[in-house]
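Have a look at it, then work through the points in order.

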Amino acid sequence: MLKIKRVPTVVSNYQKDEASDGSVGGCGRNCLRACCVDMARLPLYVCKKVEDSGEKAREPPVAFLESLVLGEWEDRYQRGLFRYDLTACVIPGKYGFIAQLNEGRHLKRPTEFRVDKVLQSFDGNKFNFTKVSQEELLFQFEAGEYEEAQVLPCMPLLAENSPSVVAINVSPIEYGHVLLIPRVLDCLPQRMDHKSMLLALHMASEAKNPYFRVGYNSLGAFATINHLHFQAYYLAMPFPLEKASSKEMITTDNGVKVSELLSYPMRGLLFEGGNSMQDLSDTVSDACIYLQNSNVPFNVLISNCGRQIFLMPQCYAEKQALGEVSTEVWEAQVNPAVWEISGHMVLKRKEDYEGATEEKACMLLADASLSEERFREVNALIFEAIGCSKPRGGA
């Protein structure tokens, strides 16, 4: 069994207390467990039904980002719930990698994580999102059957319905950094499913802003908590991954185009199109489910208001455990999760930030990338999983 010493990001102010807190009830934290969840209330954002998600659909009654994500996020910032400020710059070069300095992210308690098993059972004894304080929650989020989106300002958190919630990440990468936690009280492990992918796609679509992206990390690809969640934040510049050229490989029967990235230091796939949002979501979900069932770690970036989805299988943690990562990359202690793979490099030491170069960023991505041979093998099986076994041009 492969293990490496991992330093997970603290996403909740209560995560850091887990080592010394063995309580399971009556915690006094105003959490989401049975001891505290009764009578809890949060705003509820209900999406328009999926059939009305096209370009001609009416705008939601409030601006999603400004009124809910950024508004509620700023409220928590003013309350002092976040752990540090943010410093970023663009690294010179053809890719336009973004360097982010988050000093202190590597100074948290270390935890042993398996890196050779993408599917692992949920463990309620470890930190999970039922243990966060309700003050870290922003609102409930769900897909609906209405002709337009609705915002209900004060709705109860009903345990029997296991609501999906949006919470702050107290170790933010960028402004508005939040967590989408599907069906939070069901205590689902970190594994992709069709319903959760569609919910994340709804979130990206409802934002109606191309600079709001949603990301997902599987276990083995630097998910830090084994409780199902997506991340999202706002960054007012294109990610290098989004600017990469691509070549169409296949088009599915439901109109989803799958392309291979060409001009990027890491191998990956781009999914776009489809006859509906549901088609795009289901196709990517099928691919992700194949990868996790085959024990292949991966990252997902939902981009362009949910119109494009990047799927990036990776092997960095395995290489790291086997001592196959270059020394310079190893010493920087950067974990290539979805944001780093997209080109937003989250650096933990000031010297790495001040000395950031495009060459170093490319080295990190190259260490995370599957070999060309392995990538072709994985692609062939993905295409079979989504019902397309003959990519264009051979491969």
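1. Start with some rings: Tyr 95, Phe 97 and Tyr 264 are linked into a cluster by ring pairs. Here rings of Phe, Tyr and Trp (its six-membered ring) pair if their centres lie within 6.5 Å; planes under 30 degrees apart count as stacked, over 60 as edge-to-face and the rest as tilted.

2. A word on the source. This is a predicted model, in which local features need pLDDT of at least 70 and side-chain atom pairs count only at pLDDT 80 or more, while totals for chains, interfaces and linings use all residues. Residues are numbered from 1 along each chain as its sequence is written, and side-chain values use heavy atoms, with hydrogens and water left out.

3. Back to the rings: the whole structure holds 12 aromatic pairs. Trp 73 and Tyr 175 make an edge-to-face one, 4.6 Å centre to centre with 65° between the planes. This pair ties together distant parts of the chain, 102 residues apart: Trp 73 is in helix α1 (residues 64–78), and Tyr 175 is in the loop between β8 (165–168) and β9 (178–181). Helices (H or I, at least four residues) and strands (E, at least two) are DSSP runs, numbered from the N terminus.

4. Buried means under 20% relative accessible area, exposed over 50%, and partly exposed in between (1.4 Å probe, protein chains only).

5. One more ring to find: Phe 239 has the charged end of Arg 213 sitting over it, 4.2 Å from the ring centre. That label needs NZ of Lys or CZ of Arg within 6 Å of the ring centre and within 35 degrees of the ring normal.

6. Now zoom out. The chain has 10 helices and 17 strands, and 57% of its 395 residues are buried.

7. What sits in the largest nonpolar core? It has 60 residues, and Phe 141, Phe 271, Val 300, Ile 302, Leu 311 and Ile 382 have the most contacts inside it. Helix α2 gives the most to this core, with eight residues. A second, separate core has 40 residues, including Ile 91, Leu 101, Phe 239 and Ala 332. A nonpolar core is a set of buried Ala, Val, Leu, Ile, Met, Phe, Trp, Tyr and Cys residues joined through side-chain atoms within 4.5 Å.

8. Glu 206 lies in helix α2 (residues 194–207). Glu 206 counts as buried because its relative accessibility is 1%. Its side chain makes a polar contact of 2.6 Å with the side chain of Tyr 45. (A polar contact is a pair of N or O atoms within 3.5 Å; within protein, one must be able to donate a hydrogen and the other to accept it, and residues adjacent in sequence count only if both atoms are side-chain atoms.)

9. Last, Gln 314, in the loop between β16 (308–313) and α5 (316–321). Gln 314 is also buried, at 1% relative accessibility. Leaving aside neighbours within four places in sequence, the contacts (heavy atoms within 4.5 Å) of Gln 314 include Phe 222, Met 266, Pro 336 and Leu 370.
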